[in-house]
Amino acid sequence: MKSWPGGKPLRISIRATVIGFFLFATVITASVAISLQYFFSTDMATESTLSVYQKTAASTRDYLSAVDSRAAAATRILSQFTRFVGDSGITADSRQLFAEAMHRNPLFYAIYIGFPNGDFYELINLEADPAIRKQLRAKPEDRWVAIRVFGEGEQRLRRFNYLDAEFNIRVSREHKTDYDPRKRPWFTDAKLGEVNKTDPYLFQHLQAPGETYSTVVPDNQAVLALDITLSSLSGFLNTQDLGEDSEIYLYQETGELIASNQSVKEAKALPPAPELQLSEAQQQLVDSIDYLTVSNEIDWPPINFAASGQPYGYAIDVLKYISDMTGIPIRYVNGLNWNEMGQMFLSNELDVLQPVFFEENRQLLGDLSEPFLQVPYGVVTAKGSEKISQVEQLFGKTVAIPAGWSLANNLEENFPQIKIVRVDDVRAMFNAVREGKADAAIDTAPILNYTAAQFFIEDVVIHQPLDFGEASMPTQLHFMINKSHPGLTDIFNQAMAALGPDHLQALKDKWLDSRSSVSRQLGAVPYSELMRMAQQTVTDDLQTVSLDGEEHFVYLTPFGETEGKQDYFAIATPVDTVLAPGLEKVKTSILLTTLAVLLLVPISWLLAGPIVRPIRQLADDSEKITQRRYKDVEEVSSSIAEVGDLAGSMSNMSAAIQRHEKAQEELLDAFIKVIAQAIDDKSPHTAGHCERVPELAFMLAREAEKSDHGPFKDFAFKNAEEWREFQVAAWLHDCGKITTPEHIIDKGTKLETIYNRIHEVRMRFEVLWRDAEIDYLIRLAEPGADKAALEKQKQDKQQQLRDDFAFIANANVGGEFISEEDVARLHELAETTWLRYFDDQLGLSSGEISRLQEAPRPLPATEKLLVDRPEHLIERQHSTDFDPKFGIKMEVPEYLYNLGELHNLAISRGTLSAEDRFKINEHIISTIKMLESLPFPDELKRVPRYASTHHETMKGTGYPRKLTGDQLSMPERIMVLADIYEALTAADRPYKKAKPVSAALDILHKMVQNDHIDVEVFELFLRSGVYLQYAKRFLPAKQIDEIDISKYLRDG
């Protein structure tokens, strides 16, 4: 049965059960309906979401395809219809054609031509992006910007013509340049008859990421190119109506992000740039510089890298500080490898090449600034490889390093034992190790850590730092400044020196701290799960994936292939967002269901009435039966057949229980009387005690109930059960005597055990008598014997033996008090000796032999007349450590029995030794044990207590618990008097004669005065005449004498 925590059974009313079942059925039905609603709404929401995502992917694919197709078609058509003027010019019609193409396709940012002689012509659409006007310093009335690069050497110029919508020149400006289109990837990768598309890179003028489509013009081998910005693709993804929580990513299989609807999450803002005080000459130099062209690597994070064409990194932020402090604008160039950047720097197309390690020969190429960062080196190996900390551990192994890195040359020069393999970039370096093409890869530790975290590379191990021993490997990064700007290096150094500890710590926290997760997501898909899904078999379906600890629906599909590289389109939306509408409906349904259930409660309450009412009546009848009020049980009627049958069975059960209970009571009473009779029959000297004590107690208890005097005013047995409880206890008050040995109960003399050992003592006197006769005859036979004198001696000695034996025999009876003088005489007589001629250990039982502690003595043996032998001491076989719950407080003798002759004869009063007395009194302990072990019902639960307290006294000197009057109830006090009065007047005691009623009352009165018996019970015993009623019923007439009870009453 289920229980509450407190242990009480869980019980529910029948009405609550009926209502509960009704509501349960209602709730189950509603729950099934709501669950089905939730299931189908969730399924519909999932299917709808999948359909929307598929349409979004299709529309994005179509959009990209359309953009790509239009750009490629426009490039191809323009290459066929462009008309040239001379070696490096185009006709006005061709310029109009360029403008018309960009007007019809706002995504086209610029169209330009690179000529084989190095000249360059570009037409820029100022409406392609709002930022372009700011970058080119165009006015609102300007519509186009035409750029020409022409000339040779020191005469090479870049001219800007600002045109209105009618191609009228508003203003022109020009400056020297070393720009050579023939060194650009869009030029070098262009092919005749094909349209080439570059990877995303930063447009120099726009300073925004984009892609270039280019092809070779058939007429003169010039290259025509068209630029589109990637911001247009991200803008398109932002227009998709998927909700604010939906994230869209278009990325390469390597994890590099192409476009997203998510704005870049900037890390914690850096402290503002400090003020920089420049000299007049330095300020003039700064004013003379329109902007600085600075290199930006694609994949050297977190120092210098590009994400979707945008420059980022530690070095970029340092340059931004320099720009803010000096006011010099910076334009970045990316999309080229390190060697191409170096060539641009040498041809004066770049003002700053960064970052670079210090080398002696580099000082000839440009001016190196002070170091802005020091980085340790690290090693990448496959998982399971040994830990590498010394460069010598790489001897004989293949090590991958990006092409153009000066590190490769340094290693080859200092450690020829290492085989160097040059790869395209840092990612290729990791892939070489992962694919087993290289044993290890070396780069600076920040780059390795950042790249591994950015692209979720987990199947390699990065060891850091790497010790190169005595070899000097550069660890400090510098900016290399073109010598065409003398004095600029000092300004850079001065600006970097102005950066305080707060600035440097902020830069470190942003880019070099492994906990900076925002900066690590730049340029890469932000979730490792999307990377793993791209590497597995991808199905065009929704999957539930945990992203940053939140469940998301993720849709992933391949998105085309370029040059063997697979792109992927992914949409991620929190599950809660997708299922929210369905959940709202479910919540509404639950609310409405709850209201309906609450309305049904009073209805179900009324409907439960025909069941509840008769069931409650039956419960009342059941309670009456439990309380054994069988006559109060009423017939219950009900129109419900099952309830009516139950009511009939309840009445039948009540009658059956009454019959059974009556039979059980009769059986128990008979059994109790049998036990009492067996105890009485056990000893003829106590026959009738277990019958007479209850009768006397019942007579006195009835008088106590009738009395309204003193303490009896509030006394009464409340019902028949309590009266029967007292009766059962009275019958069982001496049930423990069944365990008391019969020879103890019947011990009529001091030397009695199983028999009276006075006969042994008498036989010893007989031996002494005959010894006197023999001694007389021997001495008489001697010559000259005086017969008369010898005769007198013999007679005197025999008379003394008669007197001594009479004294011992009289002491054995125990009828009189034994004085100390008598005890001394016993010990004196005990010293009398006699000769034993037979072995006293023959014919003994094994138990007797086990108690012997002395070896047989030689015969004849001298024996004392009376003796206490060690074998007379009987050890206890059972523990007397009584259970504390019984409350027994009796002094226990050391031995079970002491059969010593002197010990027993010296008993001062009566025939029982201390051991015998305890054995007699121990019957009450047996009574407690026996009755406490019985499972009495509640109505008889006090039987053990009532039956075991009749030897207690009012002053607490009784046994077994030494209870006081305050601890004795009225029934228990009645039992005390009844037991004593019966014992005093009983004629079947072996150790005393029956006392007349007057003598018994005298003794009882003394016991009252000694606070042994309750005075109120004693006086009730007298006033009610119970003492006389009992005497007339159970005592012979000769014991009933004249009595004046007034002398015993307190009021005279």
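Val216 lies in strand β10, residues 209–216 (strands, E, of at least two residues, and helices, H or I, of at least four, are DSSP runs numbered from the N terminus). The model is predicted, so local features need pLDDT of at least 70 and side-chain atom pairs count only at pLDDT 80 or more, while totals for chains, interfaces and linings use all residues. Residues are numbered from 1 along each chain as its sequence is written, and side-chain values use heavy atoms, leaving out hydrogens and water.

**Val216**
- Val216 counts as buried at 9% relative accessibility (buried is under 20% relative accessible area, exposed over 50%, partly exposed in between, with a 1.4 Å probe and protein chains only).
- Beyond its neighbours within four places in sequence, Val216 is in contact with Ala190, Lys191, Leu192, Gln221, Ala222 and Val223 (contact means heavy atoms within 4.5 Å).
- Between Val216 and Glu782 there are 178 Å in space, C-alpha to C-alpha, and 566 residues in sequence.

**Helix α31**
- Helix α31 (residues 1015–1023) is largely enclosed by the rest of the structure, because seven of its nine residues are buried.
- The buried residues are Glu1016, Val1017, Phe1018, Glu1019, Leu1020, Phe1021 and Leu1022.
- The buried residues of α31 pack against α19 (689–706), α29 (970–985), α30 (997–1009) and α32 (1026–1034).

**Helix α1**
- Met44 belongs to helix α1 (residues 14–81).
- With a relative accessible area of 56%, Met44 is exposed.
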